[in-house]
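Let's take a walk through this model together. Have the sequence and the 3D view open, and we will begin at the ligand before moving on to the domains.

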Amino acid sequence: MPKKKPLVVVTRRLPESVETRMRELFDTRLNDDDRPLSQAELVAAVKTADVLVPTVTDRIDSAILSQAGENLKLIANFGNGVDHIDVATALARGITVTNTPGVLTEDTADMTMALILAVPRRLAEGSTILTSDQEWQGWSPTWMLGHRISNKRLGIIGMGRIGTAVARRAKAFGLQIHYHNRRRVAPELEEALEATYWESLDQMLARMHIVSVNCPHTPATYHLLSARRLKLLKKDAYIVNTARGEIVDENALARMIEADELAGAGLDVFEHEPAVNPKLVKLARAGKVVLLPHMGSATIEGRNDMGDKVIVNIRTFMDGHRPPDRVLPSML
Ligand code: 8YV
């Protein structure tokens, strides 16, 4: 008798080719209208599925996991970050968790670099001038002046895959690379990037012109850039965050930019997505911050690669092997 296909519940729409392949391989339930699942729908999904494929928009906490059915053995996350999944509780219940690392590194680093450039060079502000009702009065020597990024100090918080990819790009733009990380990176990499390691985040912050947040969100990094730490920054410093909103105290950040205690910020992620702090929206209208709707990894190529990874993780697991992208609490 042929082996029964696993019931795979996918919580959001995925690229067509990924969905087609999943339908061929598994007994797949898709979300055709792409509406985020309600709590009740998520509970129904974990009760029946063999495999759940969630995204960052699903909160898989212990309350949800406590209602998981006997069959649920794998949560194959479509995404790298797993801060929306209670990984420890999942493992305690015998549920393996996987993610999709590596395939969104370059895209996210590109978007980080775009924000590093956009804020000091007033990119969004300039572009809205031409589409607003006011007529452009023409070039002038003192108009729309931003700040040079070449030769400035960039402080990267989290020198993992994405942080390193940001450093490579930033070095090519003439920025001096500084970083804070749990562990110092290999000497060869430090040398190649001409990077300076700071064991003390506080000390690094006080010296930087631009700070880029590239670490995962874990209990240890929640509000890592707290009000106290933000006050250590120079008044003319910028913050760029393409990691997770929760790592920065968003209210404190907005307050300080408003009070001219910080120069500005480029943010792709927010503390309470999809809600965006109204103070930040006001600052964006005033041209002091650039806001993007969590699109750091949003490329067609990246999403297809993420889908491929999810499929490989499910197939390997179903074949009785250890999936390549297993997430363990000790990694977080
Ligand atoms: C993804 C992300 O789009 O992978 C991540 O951690 O933040 C995003 O870029 C999202 O997570 C998909 O679930």
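**Around the ligand**

The side chain of Arg 244 places an N or O atom 2.7 Å from an oxygen atom of the ligand. Before going further, please note that this is a predicted model, in which local features need pLDDT of at least 70, side-chain atom pairs count only at pLDDT 80 or more, and totals for chains, interfaces and linings use all residues. Residues are numbered from 1 along each chain as its sequence is written, and side-chain values use heavy atoms, with hydrogens and water left out.

The backbone takes part too. In Phe 78, a backbone N or O atom lies 2.6 Å from a ligand oxygen atom, and a polar backbone atom of Gly 81 is 2.7 Å from an oxygen atom of the ligand. On its own the ligand has 330 Å² of accessible area, and the protein covers 89% of that (Shrake-Rupley method with a 1.4 Å probe).

Which residues surround the ligand? They are Thr 55, Val 56, Phe 78, Gly 79, Asn 80, Gly 81, Leu 104, Arg 244, His 294, Ser 297 and Arg 303, where being near takes a heavy atom within 4 Å. This shell has three nonpolar, six polar and two charged residues; Ala, Val, Leu, Ile, Met, Phe, Trp, Tyr, Cys and Pro count as nonpolar, Asp, Glu, Lys and Arg as charged, and the others, Gly among them, as polar.

**Between the domains**

Now step back to the whole chain. An automatic or database assignment sets the domain bounds, giving domain 1 (7-103 + 300-331) and domain 2 (105-291). Their centres, taken over C-alpha atoms, are 31 Å apart.

Eight residues of domain 1 are in contact with seven of domain 2 (heavy atoms within 4.5 Å). One salt bridge is counted between the domains, with a salt bridge being a side-chain nitrogen of Lys or Arg within 4 Å of a carboxyl oxygen of Asp or Glu.

Notes: Polar contact = N/O pair within 3.5 Å; in protein donor to acceptor, adjacent residues only side chain to side chain.
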